[in-house]
Amino acid sequence: MSTAIDVRSVVKHYGTMTALHQVSMAIRDNEFFTLLGPSGCGKTTLLRCIAGFESVSGGDILLYGRDIATLEPNYRPVNTVFQQYALFPHMSVLDNVAFGLKMKGVGLAERRARAGKMLEMVHLSAFADRMPSQLSGGQQQRVALARALAPEPKVLLLDEPLSALDLKLRQAMRVELKTLQEQTGITFIFVTHDQEEALTMSDRIAVMSQGRVQQIGTAREIYEAPNNRFVADFIGETNLLEVEVVTASGGMAEVVLPGGHRLRCAAADTTPGRHHLSIRPERLSIAAEGPLTGTVERVVYLGTDLQLLTRLPDGAPFTLRLQNSARTQVPEPGSTVSLQLEDGAARLLVD
Amino acid sequence: MAGGVLPPPSNRGGTGWGPLRVPLLIPTWVMIGIFLLLPVLLMAVYSFLTKEFRGGVIWDFTLAAYDQFFFDRGLFGDEPPVIEWTYISIFWRSIWQAGVATLACLLVGFPTAWFIATRAPAQRTVWLFLITIPYWVNLLIRTVSLKFLIRDNGPLNEALIGLGLLDHPLPLVNTNLAVQLGLFYSYLPFMVLPIYAAVERYNFALSEAASDLYAGRWTILREIVLPMVRPGIVAGCILVFVPSLGAFLAPDLLGGAKTYMIGSLIDEQFKGSQGNWPFGAAIAVILMTMVLMVLMAQARAALKGERK
């Protein structure tokens with residue numbers, strides 16, 4: 001599979017602040033790739049560097065092998081869907097969508113036809129003559145999408161495009177975006193701080209924090225095999241326990257849990273010493289006997305699930321998630337329970 | 001085109017104030033009546049009266065003032081009328097001078113406003129403050145100072161000669177250029193401020209979006225920026241053009257007989273015993289009619305643009 005965008009050791013400084021530290025990633029052709037991280041992690045800066053709105057302070061950005069890092073945005077065959085849409089308020093919906101084609105020198109009749117097709121694809125044909133201010137947020141969002149797709153870019157950049165929509169619409173748009181990406185075969189680079197969005201749509205995700213890439217992988221890899229504390233904590237919910245590593249080799253480690261039990265688990269870091277162990281709440285169960293014991297403090301009803309907030313003997317909070325079925329036995333608050341881990345539930349992390 | 005999807009943001013029909021609405025509006029109507037309608041009405045009435053020789057009027061209704069403006073009936077007023085070009089050409093020159101000044105203000109004012117609006121918010125206040133500082137000094141004094149600056153042995157010519165760029169001083173005083181310069185200098189802030197207000201509201205993401213869609217700098221300016229800040233530009237042009245048209249300080253002080261403008265012509269009709277009040281009033285009425293026609297054309301164009 002060929003590489004659509006190759007980001008090589010990109011550095012970005014703003015004065016004395018460094019927004020991107022030697023960021024590298026290879027985004028594949030026809031991939032739905034997500035940059036995920038909290039605000040200020042550098043994900044939008046990286047996207048803007050790829051689009052050309054920001055110049056890089058160091059490193060290269062290759063688009064299908066060609067270095068584009070120094071090109072003006074209008075010379076880069078990539079298009080952007082902006083967070084606040086940035087539709088041209090003085091142009092009709094059709095003219096907005098046709099704008100990129102007009103700039104590329106496509107004749108009036110052809111660009112109107114092609115823009116019309118794009119509007120069909122996002123189900124807005126009936127709104128071609130409206131002005132952007134006459135559309136709802138969701139409709140504006142789809143116009144922005146059609147406008148960015150109309151010139152048939154090699155790569156489509158999406159800067160938190162769903163964040164301004166309400167929940168229902170956001171969920172519908174996720175499916176629609178994924179479908180569009182498959183239909184057009186265009187590489188999508190999607191920026192978001194919403195992990196659920198990232199997990200449901202992406203082929204691969206790059207988790208970023210403080211201007212650095214923390215981990216790149218599929219949704220499953222990132223959720224089930226996080227490299228470090230940041231990724232484990234940011235993606236989903238997890239319990240982090242400080243443990244002593246006894247032996248470690250070949251990606252496995254033996255650790256001592258609080259309470260003295262020994263446990264073999266997968267390990268991202270195999271240097272001896274004290275490290276953090278991540279245990280997902282849904283990979284735990286209450287059993288007659290187990291390596292951990294906890295005192296139940298509170299049971300939270302979540303509908304499909306029950307959340308059990310417990311405390312380990314050393315006082316550390318520890319959370320379980322149990323499926324809410326008729327068979328589930330719910331312990332009383334105040335009682336002490338033994339906790340059993342599923343196979344592969346624990347993972348030793350890099351700090 | 002199905003217009004008006006959004007309701008107009010007004011509280012038409014006086015909702016909310018109930019019976020207080022009429023009493024609360026009275027001060028507004030009194031102000032408009034006394035300071036706007038009454039003077040204009042007075043001027044219109046005076047333009048149809050007969051002149052008194054030492055200034056003032058005789059209450060005898062006549063079209064003489066307008067007749068004097070448009071027609072020449074010979075020295076004793078008994079020849080067949082031919083078109084009088086004197087005043088029309090003064091009008092034409094005024095329009096030309098004001099137009100040149102407006103264009104110059106636009107060419108300098110737009111980049112200035114753009115520069116200020118794209119600074120950090122704290123800096124903007126400082127720049128705007130600097131723009132307004134010269135206006136703390138009386139216009140008359142500033143115009144006289146300008147004359148000193150540009151006269152034959154003034155600092156400007158001395159500097160140009162000193163630098164070896166000129167052999168003889170460049171004659172500026174008493175030229176059209178001097179008058180245009182004076183008008184430009186007097187009214188530049190009226191161009192900068194409304195354009196600044198428009199650029200400040202401009203969403204720069206639109207420029208990014210356009211460049212992302214393969215538009216170059218000039219195309220972005222033409223296709224996106226100018227249409228978006230157009231209301232500010234139009235307001236600036238009106239605010240410069242209209243007072244330039246009736247200005248009399250700059251043409252009086254910086255110009256000569258060849259640069260005579262309407263403002264001076266009107267001014268003269270109300271001075272001393274040579275004055276002619278009805279004629280001055282008539283010129284003012286003609287000027288006002290012209291300006292109103294321009295503004296109404298602009299308002300209609302703006303309304304059309306909105307409906308689109």
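Start in chain A of this predicted model by selecting Arg174(A) and Asp194(A), which form a salt bridge with their closest N and O atoms 4.0 Å apart. The pair joins distant parts of the chain, 20 residues apart: Arg174(A) belongs to helix H5 (residues 167-184), and Asp194(A) to the loop between strand S8 (187-192) and helix H6 (195-201). Is Arg174(A) buried or exposed? Arg174(A) has a relative accessibility of 8%, so it counts as buried. Asp194(A) is buried too, at 18%, because the cut-off for buried is under 20%.

**Two further pairs in chain A**

Next, select Glu237(A) and Arg321(A). These residues form a salt bridge, with 3.5 Å between the closest N and O atoms. Glu237(A) is partly exposed, with a relative accessible area of 33%, and Arg321(A) is partly exposed at 27%.

Then go to helix H3 (residues 108-121) of chain A, which holds both Arg114(A) and Glu110(A), 4 residues apart, or about one turn of the helix. They form a salt bridge whose closest N and O atoms are 3.3 Å apart. Both ends are partly exposed: Arg114(A) has a relative accessible area of 26%, and Glu110(A) has 44%. Side chains of opposite charge can pair when their charged atoms come close. Over all chains, the whole structure has 28 salt bridges.

**Chain A as a whole**

Colour residues 3-224 as domain 1 and residues 237-349 as domain 2 of chain A. The C-alpha centres of the two domains lie 39 Å apart. The UniProt record, an unreviewed entry, places "domain: ABC transporter" at residues 5-235 of chain A. That stretch is 36% helix and 27% strand, and its end C-alpha atoms are 25 Å apart.

**Where chain A meets chain B**

Now show both chains. The contact takes 29 residues from chain A and 22 from chain B. Together the chains bury about 2,200 Å², with 63% of it on carbon and sulfur atoms. Select Asn74(A), His90(A) and Met103(A): they supply 24% of the area that chain A buries against chain B, more than any other three residues.

How many salt bridges cross the interface of chain A and chain B? The rule finds 3. One to display is Lys102(A) with Glu223(B), where the closest N and O atoms are 3.3 Å apart. On the side of chain A that touches chain B, helix H1 (43-51), strand S6 (78-81) and helix H2 (93-103) each supply at least two residues. The largest share, 4 residues, comes from H2(A). Also select Lys12(A), Arg48(A), Glu54(A) and Glu208(B), which are linked in a network of salt bridges.

**Into chain B**

In chain B, an unreviewed UniProt entry annotates residues 91-298 as "domain: ABC transmembrane type-1". Those residues are 76% helix and 0% strand, with the end C-alpha atoms 21 Å apart.

Finish at Ser264(B), in helix H11 (residues 262-269). Ser264(B) is buried, with a relative accessible area of 3%. Which residues is Ser264(B) in contact with, leaving aside its neighbours within four places in sequence? They are Ala247(B), Phe248(B), Pro251(B) and Asp252(B). The side chains of Ser264(B) and Asp252(B) also make a polar contact (3.0 Å).

Notes. Residues numbered from 1 in each chain as written. Chains lettered and ligands numbered in written order. Predicted model: local features only at pLDDT ≥ 70, side-chain atom pairs only at ≥ 80, totals over all residues. Heavy atoms only, no water. Buried < 20%, exposed > 50% of the residue type's maximum accessible area, 1.4 Å probe, protein only. Polar contact = N/O pair within 3.5 Å; in protein donor to acceptor, adjacent residues only side chain to side chain. Contact = heavy atoms within 4.5 Å. UniProt positions renumbered as here; feature names shortened; annotations may be inferred. Domains from an automatic or database assignment. Buried area = accessible area lost by both parts, 1.4 Å probe. Salt bridge = Lys/Arg side-chain N within 4 Å of Asp/Glu carboxyl O.
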